[in-house]
Amino acid sequence: MPLNRKSLKEHGFTGFRPLGDLDTNRIPQRQGIFAVLRPPGMEPRFLAKSTAGIFKKKNPSLSQADLAAEWVDDADVLFLGKAGAGSKGNRGLRRQISEFVDFGRGKPPGHWDGRLIWQLADAESLLVAWKELPPEELTPALAEYQAEFIRQYGRLPFANLVQTRAA
């Protein structure tokens, strides 16, 4: 089955809200996985410099050539991520996605997964969708969605630079 908006909806993903006007209070607080998708008709336009915050004194920007090399033609899904409970049990989808968006708006992150999203000119128009899952299913589910994407396109989504391994 192709990994796209329709199939994600069939798999229980909800939301599909633009990053630019996301109401974080509508995002569940529980753990889960999330996807960042391009809206229909969006073509990639890369910024020379990322809007993302600096992480451990490292610049999140890549060259135009490197970004183009990561781009996956015809793919709706640009990034797949997970939101666990964290060491104190107070994390989850709402906090993870909020921090992801804040990172794209220049705030320093606690990690920089998905950083390539923030070098797209139209990043605020990208859609985010999520699916709540029990903690023990997070890593296996993310690994399976990434594996399905690889089966379909021969590589990871645009902003996933490291493949998740099922536990």
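## Ground rules and overall layout

Helices here are DSSP runs of H or I with at least four residues, strands are DSSP runs of E with at least two, and both are numbered from the N terminus. This is a predicted model, so to speak: local features need pLDDT of at least 70, side-chain atom pairs count only at pLDDT 80 or more, and totals for chains, interfaces and linings use all residues. Residues are numbered from 1 along each chain as its sequence is written, and side-chain values use heavy atoms, with hydrogens and water left out.

The chain has four helices and four strands, and reading along the sequence gives the pattern α-β-β-α-β-α-β-α. Its C-alpha atoms fill a box of roughly 40 × 35 × 30 Å along the principal axes. The radius of gyration (taken over C-alpha atoms) is 15 Å, which agrees with the value near 15 Å for a compact globule of 167 residues; that globule rule is 2.2 Å times the number of residues to the power 0.38.

## Surface and contacts

About 8,500 Å² of the chain is accessible surface, and 50% of that belongs to carbon and sulfur atoms. Areas like this come from the Shrake-Rupley method with a 1.4 Å probe, and for residues only the protein chains shown count as cover. Buried residues make up 46% of the 167, where buried means under 20% relative accessible area, exposed means over 50%, and partly exposed is in between (1.4 Å probe, protein chains only).

A contact, for the record, is heavy atoms within 4.5 Å.

## The strand in the middle of things

Strand S2 pairs with S3 in the antiparallel sense over six bridges, and S2 also pairs with S4, again antiparallel and over six bridges. Pairing takes at least two DSSP bridges between the strands. For some landmarks, Leu37 stands opposite Val77 in S3, Phe34 stands opposite Gly81 in S3, and Ile33 has Lys131 of S4 as its bridge partner.

Is S2 buried or exposed? Six of its six residues are buried, so S2 is largely enclosed by the rest of the structure. In a regular strand the side chains alternate between the two faces of the sheet. In S2 both faces are covered, with Gly32, Phe34 and Val36 buried on one side and Ile33, Ala35 and Leu37 buried on the other. S3 is mostly covered too, with six of its seven residues buried.

## Nonpolar cores

A nonpolar core is a set of buried Ala, Val, Leu, Ile, Met, Phe, Trp, Tyr and Cys residues joined through side-chain atoms within 4.5 Å. The largest one here has 30 residues, and Ile97, Ile117 and Leu126 have the most contacts inside it. Strand S2 (32–37), strand S3 (77–83), helix H3 (93–104) and strand S4 (127–132) each give it two or more residues. H3 supplies the largest share, five residues.

Leaving out residues up to four places away in sequence, Ile117 touches Leu19, Val36, Leu78, Phe79, Phe100, Ala123, Leu126, Phe158 and Ala159.

## Salt bridges

A salt bridge here is a side-chain nitrogen of Lys or Arg within 4 Å of a carboxyl oxygen of Asp or Glu, and the whole structure has nine of them. Glu10 bridges to Lys6, with the closest N and O atoms 3.7 Å apart. These two sit four residues apart in helix H1 (residues 5–10), which means about one helical turn separates them. Lys6 is exposed, at 60% relative accessibility.

Arg151 and Glu144 form another salt bridge, their closest N and O atoms being 2.5 Å apart. Arg151 is exposed at 53%, whereas Glu144 is partly exposed at 42%. Elsewhere, shared partners join Arg91, Arg95 and Glu99 into one salt-bridge network.

Most residues other than glycine have a negative phi. Phe16 has a positive phi of about 55 degrees although it is not a glycine; this residue is in strand S1 (residues 14–18) and is buried, at 8% relative accessibility. Asp74, also not a glycine, has a positive phi of about 70 degrees. Asp74 lies in the loop between helix H2 (64–70) and S3, and is exposed at 64%.
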